[in-house]
Amino acid sequence: MRPILSENKLLPDAKIAAENFHSEVVTEIEKVIKQNDWVIVGMAGNMFVKKARKHLADKGLSHQYIEQGGYLSQWHQRLAIKLWSGWPTFPQVFHKGQLVGGAKELQKYLP
C-alpha cells in the first residue's frame, strides 16, 4: 500500500474534516458494495468506465453502477471516493466487496 499520513499526525480539526469529507457518498458506496457482487463506480463520459461495464456485460454478469458526475461536476465527491479506496482513477470496480481496480485490472481479473 502507498504510504498515508499517520492518524497521530492529524490535529483534531483536520481529523474531523477528513472524516467528514463527503462521508455520505462513501457510506452509500459501502452500502451498495455490501449488497451487490459487482459494483462499478464511475463518471459520465469516461471511456474506461464504458469498457469496464461492457466487459461485465459481455461476460453475462450484472452489476450495480454508481455514477458520480462527469469531468466538470462532482469532483469533490469523486475525490472523497479516491481517498477512501486508495485507487487514483475511475472506474473503480469491486467484486464481492474487494477492489479489483480499473478497467485494465478487471480484464486481467476476469479474462
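Start by colouring the charged side chains: the protein chain has 15 positive and 10 negative ones, and the centres of the two sets lie 9 Å apart. Lys and Arg count as positive, Asp and Glu as negative, with His and the chain ends not counted; each charge is placed at NZ of Lys, CZ of Arg, CG of Asp or CD of Glu. Bear in mind that this is a predicted model, where local features need pLDDT of at least 70 and side-chain atom pairs count only at pLDDT 80 or more, while totals for chains, interfaces and linings use all residues. Residues are numbered from 1 along each chain as its sequence is written, and side-chain values use heavy atoms, leaving out hydrogens and water.

Now switch to cartoon. You'll find five helices and four strands, in the order α-α-β-α-β-α-β-β-α from the N terminus. Helices (H or I, at least four residues) and strands (E, at least two) are DSSP runs, numbered from the N terminus. The C-alpha atoms fill a box of roughly 50 × 30 × 25 Å along the principal axes. Of the 111 residues, 34% are buried, where buried means under 20% relative accessible area, exposed over 50% and partly exposed in between (1.4 Å probe, protein chains only).

**Select Trp-38 and Tyr-109**

Trp-38 is buried at 6% relative accessible area, whereas Tyr-109 is partly exposed at 44%.

**Move to Trp-84 and Phe-94**

Here the ring centres are 5.8 Å apart and the planes sit at 35°, so the pair is tilted. Trp-84 belongs to helix α4 (residues 75-85) and Phe-94 to strand β3 (residues 92-95), so the pair ties together parts 10 residues apart in sequence. Trp-84 is partly exposed at 32%; Phe-94 is buried at 4%.

**Last stop: Arg-53**

What does Arg-53 lie over? Select Tyr-65 too: Arg-53 is over the face of that ring, 4.0 Å from its centre. The cut-offs are NZ of Lys or CZ of Arg within 6 Å of the ring centre and within 35 degrees of the ring normal.

Terms used: Phe/Tyr/Trp six-rings, centres within 6.5 Å; stacked < 30°, edge-to-face > 60°.
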